[in-house]
Amino acid sequence: MSLPSTAASLVTLAEGAEHGGNHESLSPYITGIGAFAALLLLLWITTRFNRDR
């Protein structure tokens, strides 16, 4: 596949994604808060197992 044909394919793909691509039921706030909570939980678990420092 050459560079011009790859670029043309990517432009065609980008033009078709005008409406976003996110599902209507996914809220970015809920997703972000959930990810933050999961990272805090992992941090807490890691610090519980690393008591020697």
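Here's a quick briefing on the helices and surface of this protein. It's a predicted model, where local features need pLDDT of at least 70, side-chain atom pairs count only at pLDDT 80 or more, and totals for chains, interfaces and linings use all residues. Residues are numbered from 1 along each chain as its sequence is written, and side-chain values use heavy atoms, leaving out hydrogens and water.

**Helices**
- The protein has two helices and zero strands (DSSP runs numbered from the N terminus: helices are H or I, at least four residues; strands are E, at least two).
- Helix 1 (residues 3-15) has 13 residues and should span 18 Å at 1.5 Å a residue, which agrees with its end C-alpha atoms being 18 Å apart (the expected span is 1.5 Å times one less than the number of residues).

**Exposure**
- Of the 53 residues, 0% count as buried (buried is under 20% relative accessible area, exposed over 50%, partly exposed in between, with a 1.4 Å probe and protein chains only).
- Helix 1 has zero buried residues among its 13, so it lies largely in the open.
- Ile45 sits in helix 2 (residues 28-49) and is partly exposed, at 32% relative accessible area.
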